[in-house]
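Subject: Structure handover

Hi,

Here is the structure I promised to pass on.

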Amino acid sequence: MKNLAWTIALTFIAGAAMAGNEVGITKDMPSVTVPTANGMVEIDRIQDTENQLSGEWALTSRPCPNFCIQPHSPAEGVTTIGELELIEMLKDPGTVVVDSRTRDWFEGGTIPGAINIPYTYVVDELAQLGCEPDFDGWDCAAAKPVALFCNGVWCGQSPAAIRNMIKAGYPANRIFYYRGGMQTWRLLGLTVIGGE
């Protein structure tokens with residue numbers, strides 16, 4: 001009888017724990033902790049199953065130009081990735097995740113662990129990504145794997161940054177493009193740090 005009571009109690013506790021994290025990243029990954037400039041941050045999903053996008057992020061029809069749908073790959077040799085691949089890159093200290101939006105967008109909320117290098121300055125900041133300045137511009141032989149993102153599939157900031165990086169000598173095969181950007185990240189209810 002004592003074993004039955006323990007079994008019921010453990011089942012109840014396990015059920016309550018699972019109910020506390022009903023919305024996971026994957027079946028086997030309820031959350032993940034990544035390093036940021038301000039310490040470790042847990043990325044998980046909003047647990048409110050009634051949550052909806054609002055404000056800027058709920059807009060579906062922005063005028064084109066300037067907000068035209070971007071190609072799946074912004075340049076030959078660049079790999080387009082999704083959220084799970086981006087999370088793996090955020091956990092890897094040997095890679096850099098770049099929010100290539102302008103500073104005002106970055107300060108309004110970003111992906112934990114991302115650094116801000118606005119698309120208009122990315123070529124000037126290649127040293128942060130492992131390149132060395134030389135007389136002809138940049139030597140990117142030791143360039144780090146880098147993922148860039150912006151506001152979403154209608155945002156041209158990270159594709160412009162990627163094309164400029166390649167022109168400056170950054171190897172395309174070390175560049176990853178998170179095409180979904182902040183709109184898809186927020187749509188999935190993933191953790192955002194910064195202003196709201």
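To begin with contacts (heavy atoms within 4.5 Å): among those in the chain with a separation of 6 or more, 68% are between residues 24 or more positions apart. Please keep in mind that this is a predicted model, where local features need pLDDT of at least 70 and side-chain atom pairs count only at pLDDT 80 or more, while totals for chains, interfaces and linings use all residues. Residues are numbered from 1 along each chain as its sequence is written, and side-chain values use heavy atoms, with hydrogens and water left out.

The chain has five helices and nine strands, taken as DSSP runs numbered from the N terminus (helices are H or I, at least four residues; strands are E, at least two). Their order from the N terminus is α-β-β-β-α-β-α-β-β-β-β-α-β-α. Of the 196 residues, 39% are buried, where buried means under 20% relative accessible area, exposed over 50% and partly exposed in between, with a 1.4 Å probe and protein chains only.

Now the aromatic rings. The structure holds four aromatic pairs; rings of Phe, Tyr and Trp (its six-membered ring) pair if their centres lie within 6.5 Å, and planes under 30 degrees apart count as stacked, over 60 as edge-to-face and the rest as tilted. Phe 149 and Tyr 178 are edge-to-face, because their ring centres are 6.5 Å apart and their planes stand at 65°. Phe 149 belongs to strand S8 (residues 146-149) and Tyr 178 to strand S9 (residues 175-178), so this pair ties together parts that are 29 residues apart in sequence. Tyr 178 also pairs with Trp 185: the centres are 6.3 Å apart and the planes at 80°, so this pair is edge-to-face too. Together, Phe 149, Tyr 178 and Trp 185 form one aromatic cluster. Each member counts as buried, with relative accessibility of 0% for Phe 149, 1% for Tyr 178 and 0% for Trp 185.

Elsewhere, Arg 62 lies over the face of Trp 154, 3.7 Å from the ring centre; the test is that NZ of Lys or CZ of Arg is within 6 Å of the ring centre and within 35 degrees of the ring normal.

Two more residues are worth a click. Leu 126 sits in the loop between strand S5 (115-116) and strand S6 (132-134), and at 0% relative accessibility it counts as buried. Leaving aside neighbours within four places in sequence, Leu 126 is in contact with Cys 131, Trp 138, Cys 140, Met 165, Ala 168 and Tyr 170. From Leu 126 to Trp 138 the C-alpha distance is 7.8 Å, with the two residues twelve apart in sequence.

Gln 157 is in helix H4 (residues 157-167) and is buried, with a relative accessible area of 12%. The C-alpha atoms of Gln 157 and Ser 100 are separated by 6.4 Å, although the residues are 57 apart along the chain.

Happy browsing, and write back with any questions!

Best wishes
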